Number of protein chains: 2
Amino acid sequence: MSEIRQDQATKRWVIMATERAKRPRDLAATVSTTEPEPEYSPDCPFCPGNESKTPPEVLAYREGDGPADSPGWQVRVVPNAFPALRPDGEVVVSQPHWFTSVTGVGAHEVIVESPVHNDSPATVSVEHIGLVLQAAAERFMALQQDRRLCYVALFRNNGLAAGSSLTHPHTQIIATPIAPTSVRLEIEAARQHYDDRIHCVYCETIQNELDAGQRIVLETDAFVVLEPFASRWPFETWLIPKQHAAVLTPGDASPVEPLARALRTTLNALYHALGDPAYNLVLHEAPLRDSCEDYYHWHIEILPRLATAAGFELGTGIWINSVLPEESAEYLRDFVSA
Amino acid sequence: MSEIRQDQATKRWVIMATERAKRPRDLAATVSTTEPEPEYSPDCPFCPGNESKTPPEVLAYREGDGPADSPGWQVRVVPNAFPALRPDGEVVVSQPHWFTSVTGVGAHEVIVESPVHNDSPATVSVEHIGLVLQAAAERFMALQQDRRLCYVALFRNNGLAAGSSLTHPHTQIIATPIAPTSVRLEIEAARQHYDDRIHCVYCETIQNELDAGQRIVLETDAFVVLEPFASRWPFETWLIPKQHAAVLTPGDASPVEPLARALRTTLNALYHALGDPAYNLVLHEAPLRDSCEDYYHWHIEILPRLATAAGFELGTGIWINSVLPEESAEYLRDFVSA
């Protein structure tokens with residue numbers, strides 16, 4: 001008989017469909033979407049030498065003192081050429097008799113993670129991931145100054161099945177003038193848990209998962225990486241800091257090395273376990289100027305796209321997962337190298 | 001500048017990304033996933049003659065008096081061979097110190113809509129869709145008697161991109177012993193609206209959309225079909241009954257012809273406008289024995305899978321849509337035939 005599990009943090013339900021269970025290694029064989037990519041692609045707007053194909057950079061780390069928008073960078077941040085939101089203009093709320101809308105003010109930026117077209121965060125050095133995180137932190141700190149903005153989202157789409165059309169390694173930032181509905185729901189659920197139990201639900205999750213042991217992928221001094229008890233997708237993987245905090249970037253640059261190391265180990269394990277799977281990686285943290293420090297806890301969710309959300313999932317919010325997180329965690333642990 | 005729209009019913013936000021806008025007819029050219037299928041496929045478990053490849057039928061409509069699980073049926077309902085949930089056993093809630101789960105008791109059935117392997121609800125007769133709806137209503141009425149169950153979901157996945165692995169036309173029913181989180185949220189939002197305004201948010205939506213006119217695809221005596229103001233996906237299409245009711249199947253068989261006709265016209269328009277697109281169709285209605293008659297309003301949502309939800313959507317619940325519903329509605333209206 002299958003089992004319906006509830007996520008403690010969000011109260012979300014997931015059906016662990018053992019009747020249609022797949023073994024982790026069966027998935028690995030079927031999901032590789034990788035076609036070999038060259039180190040340099042002349043048509044790629046993110047490759048060095050093509051800097052004019054993007055809007056002017058807002059940040060870049062260069063080893064020498066080269067001019068902006070020229071080669072020589074290690075990490076480069078540019079506005080998205082087809083932005084969902086733009087930084088100019090005022091936030092105007094339109095609320096006539098019925099239909100509510102807000103002007104599309106915000107930011108949509110791309111962190112080009114490497115000059116090498118076929119690099120992957122799963123295989124680059126920890127130091128290089130640190131550079132990418134530092135660039136993200138710098139942009140977060142800049143965007144947080146903008147009082148028109150309410151939320152800054154950081155996410156990475158890897159592979160076509162995860163909605164990425166460009167293969168050159170990149171991460172995106174979208175800053176919105178409105179609070180995301182699902183962020184609000186997640187924080188509200190965390191607040192209810194805190195009011196009920198006087199403990200952060202994520203802190204309690206870490207402790208209970210460490211005690212249980214079955215779903216832990218990696219534990220470092222600073223982070224726990226686990227397959228959540230109510231994983232929605234096969235190989236859903238969360239990276240949770242042991243240190244309780246509502247946001248990753250509290251305004252000053254925190255040391256990035258521990259996160260870079262945990263992230264690199266996790267992505268490397270997924271890469272080798274599943275053959276460079278399509279995935280979405282999303283930072284979950286509190287909205288700007290929203291003080292929920294006691295009860296919310298930032299974390300990173302990695303969602304491999306090994307299955308397609310269909311009508312049942314989209315209509316009910318209940319997920320069906322064919323791989324037990326205990327099994328995917330055990331499988332992943334074999335790919336975790338020190 | 002793009003525009004961020006809010007759905008009145010759910011308070012969900014959608015970025016209408018005019019910067020990356022696509023014309024409706026450009027989508028039509030790129031999304032066809034149809035490969036010609038034969039009328040009969042010897043390996044298909046849903047084709048006539050292969051009845052033994054499915055679990056024994058729970059309902060079938062035959063013109064003659066043929067035995068169960070033999071050819072001659074027009075519509076046939078069988079348990080899913082790889083069910084997410086099973087009807088045997090008790091609903092046992094397990095709540096040890098931390099991890100919450102429920103036994104996977106419920107139902108997972110397949111309505112095989114036609115004996116013809118390559119039929120489509122977009123092109124079959126209205127009478128035949130009526131038969132499928134009647135079968136669904138019969139199964140709903142049977143499942144509603146089971147006090148272990150809390151919700152009955154009806155959905156249709158069309159095409160691989162919508163999560164369907166079998167091309168033979170079919171609709172699915174999953175009945176769960178727990179209330180779906182997103183159904184609860186939708187109903188709670190409707191209740192808040194009702195308490196604020198003493199009107200059902202869906203009734204008000206119908207009236208305001210008819211007044212605006214721009215997003216209406218079809219109006220019949222009984223139904224309004226529209227592209228919602230805050231459409232998440234290109235060509236998201238809702239079918240809302242004019243008659244306020246919280247559930248489609250209140251326990252006795254209601255006349256199915258008006259719904260069959262509206263549904264067939266809508267699916268036919270999408271089929272010809274977009275070239276048999278992948279889509280999910282989901283019935284939204286109240287949970288069993290949950291009396292929210294004043295403020296909730298059943299409806300059907302059709303979600304063409306012309307875009308991939310990526311990290312931003314999955315992490316924030318904010319959607320980015322590149323096609324304005326005003327434009328998709330105008331385009332679809334050209335494909336609505338009487």
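This is a short tour of a predicted two-chain model, stop by stop.

**Before you start**

Residues count from 1 along each chain as its sequence is written, and chains are lettered from A, with ligands numbered from 1, in the order in which they are written. As the model is predicted, local features need pLDDT of at least 70 and side-chain atom pairs count only at pLDDT 80 or more, while totals for chains, interfaces and linings use all residues.

The mean for chain A is 93, and 96% of its residues reach 70 or more. The model scores ipTM 0.93 and pTM 0.95.

**Stop 1: both chains**

Show chain A and chain B together. A rotation of 180° with 0.0 Å of shift along its axis superposes chain A on chain B, with RMSD 0.0 Å. The two copies are thus related as by a two-fold rotation axis.

**Stop 2: where the chains meet**

Select the residues in contact across the chains (C-beta atoms, placed from the backbone, within 7 Å). You will find 58 residues of chain A touching 58 residues of chain B. On the chain A side, helix 6 (311-316) gives the largest share, five residues. Helices (H or I, at least four residues) and strands (E, at least two) are DSSP runs, numbered from the N terminus. By class, this side has 29 nonpolar, 21 polar and eight charged residues. Nonpolar means Ala, Val, Leu, Ile, Met, Phe, Trp, Tyr, Cys and Pro; charged means Asp, Glu, Lys and Arg; the others, Gly among them, are polar. Of the interface residues of chain A, 100% are also interface residues in chain B, so the copies meet through the same surface.

**Stop 3**

Next, pick out an open sheet of five strands, in the order 15(A)-2(A)-1(A)-6(B)-5(B), with mixed pairing. Strand 15 (319-321) of chain A and strand 5 (93-94) of chain B stand at the edges with a single partner strand each, so one side of each has no neighbour in the sheet. Strands pair here if DSSP finds at least two bridges between them. Strand 2 (13-16) of chain A runs parallel to strand 15 of chain A, joined by three bridges. Look for M16(A) opposite N321(A). Now cross between the chains: four bridges join strand 1 of chain A to strand 6 (100-103) of chain B, antiparallel. Here E3(A) faces T103(B).

**Stop 4: strand 14 of chain B**

Select residues 299-304 of chain B. Buried or exposed? Six of the six are buried, so strand 14 is largely enclosed by the rest of the structure. Buried means 20 or more other C-beta atoms within 10 Å of a residue's own, exposed 12 or fewer, and partly exposed in between, with C-beta atoms placed from the backbone. Strand 13 (279-284) of chain B pairs with strand 14 over six antiparallel bridges. Strand 12 (237-241) of chain B is also antiparallel to strand 14, with three bridges.

**Stop 5: L303(A)**

Switch to strand 14 of chain A, where L303(A) sits. With 23 C-beta neighbours inside 10 Å, L303(A) counts as buried. Beyond its neighbours within four places in sequence, its contacts include W233(A), Y279(A) and L314(B).

Terms used
Contact = placed C-beta atoms within 7 Å. pLDDT = per-residue confidence, 0-100. Least-squares fit on C-alpha atoms with pLDDT ≥ 70 in both.
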